[in-house]
Amino acid sequence: MHGDCLQLLPTLEEKSFDLVVTSPPYNLGIAYSTFKDTAPRDEFLAWCKSWATEVKRVMADDASFFLNIGASPSNPLLPHQLILALTDGTDPLFTLQNTFHWVKSITINTIDGQQISAGHFKPINSKRYVNDCHEYVFHLTKTGSVPLDRRAAGVPYVHKSNIARWGHTGGQDLRCRGNTWFIPYDTIQSRKGERPHPATFPIALVEQCIRIHGKAETTRFLDPFLGIGSSALAAKFQKNSAFTGIELDPDYLEIAKERLKTSPQQELF
Ligand SMILES: C[S@@+](CC[C@H](N)C(=O)[O-])C[C@H]1O[C@@H](n2cnc3c(N)ncnc32)[C@H](O)[C@@H]1O
């Protein structure tokens, strides 16, 4: 759908979605084509509460809302202020059921002495701040007790003997992945050979949310800030046929449609 989600969400039916995955503008001065990303903080939080209230209205009672938001070194409180605005107070909109860390780049030292670096490390030049290598994905629900399909986004056991040893495995070679997800950025090609959007999330990040919520094929799925359609592609890759996206900028929406049309059916993660 093309337009302002604040105007379009009210036209959607109450309780008509099972899953919402979205990344709103971050209020960090990002240069979008249409949207001005520089509102005073209180105004931004009030605006977020307005669209989040509409998101809640269209969510089924057992729906999941995965909200991706990052910070910047000089604006470290933004994700926390937003999540408090959505979950705190006398009449909270949502319960924070899980907090995921989308890790974009990482270096690990293995026990056999190897050092492995993975992901795209975006250097900053600063004496004050270290590099920011992660963003949040807050999992919000109406009740705080929505059952998840944790193993659908799980990982095989390294030590297979654990499968039989631990009763909770149910004999399956998959354990819960936990709340740290290492997912590097997608490589996006546009016609001009430039990155066509300044703030996308990876398709694989959304695929994880779809899997964890469960029932991918029939899940009624919404992204009110579609951008260039990463969530729509994730829906396609997970064979989800009930996707709705909303985007303010007609050029971004056009790119989203083009990507949907031209991308082969695949699974990234
Ligand atoms: C962080 S980006 C989302 C990017 C998207 N996740 C992707 O991977 O392509 C936020 C998007 O929200 C759009 N936007 C801003 N205000 C909006 C509104 N009121 N209604 C719908 N879309 C809006 C912006 O144009 C921008 O594309």
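At what angle do helix α2 and helix α3 pack, and how far apart are their axes? That was my opening entry. I kept in mind throughout that this is a predicted model.

**Entry: α2 and α3**
I looked up helix α2, residues 41-58, and helix α3, residues 78-87. They pack at an angle of about 45°, and their axes are 10 Å apart. Because of that angle, I noted α2 as oblique to α3. I also checked the handedness: α2 passes α3 in a right-handed crossing.

**Entry: α5 and α6**
Next I went to helix α5 (residues 203-213) and helix α6 (residues 230-237). Here I wrote down an angle of about 55°, with the axes 8 Å apart. An angle like that makes α5 oblique to α6. The crossing of α5 past α6 is right-handed.

**Entry: α6 and α7**
I stayed with α6 and looked at its packing with helix α7, residues 250-262. Their axes come within 9 Å and cross at roughly 20°. Angles under 35 degrees count as roughly parallel, so α6 is roughly parallel to α7. Once again I jotted down a right-handed crossing, this time for α6 passing α7.

**Entry: around the ligand**
Then I turned to the ligand. Which residues come nearest to it? I found 23 residues around the ligand, and C5, H197, I228, S230 and E247 come nearest. Sorted by class, this shell has 14 nonpolar, seven polar and two charged residues.

**Entry: polar atoms at the ligand**
I wanted distances too, so I went through the N and O atoms. H197, already on my list of nearest residues, has a polar side-chain atom 2.8 Å from an oxygen atom of the ligand. For D4, a polar side-chain atom lies 2.9 Å from a nitrogen atom of the ligand. With L248 the backbone takes part: one of its polar backbone atoms is 3.2 Å from a nitrogen atom of the ligand.

Notes
Residues numbered from 1 in each chain as written. Predicted model: local features only at pLDDT ≥ 70, side-chain atom pairs only at ≥ 80, totals over all residues. Heavy atoms only, no water. Near = heavy atom within 4 Å. Polar contact = N/O pair within 3.5 Å; in protein donor to acceptor, adjacent residues only side chain to side chain. Nonpolar A, V, L, I, M, F, W, Y, C, P; charged D, E, K, R; others polar. Axes fitted to C-alpha atoms, helices over the stretch in contact; angles between N-to-C directions. Helix = DSSP H or I, 4+ residues; strand = E, 2+ residues; numbered from the N terminus. Parallel < 35°, antiparallel > 145°, perpendicular 65-115°, else oblique. Left-handed = near helix turned anticlockwise from the far one by under 90°.
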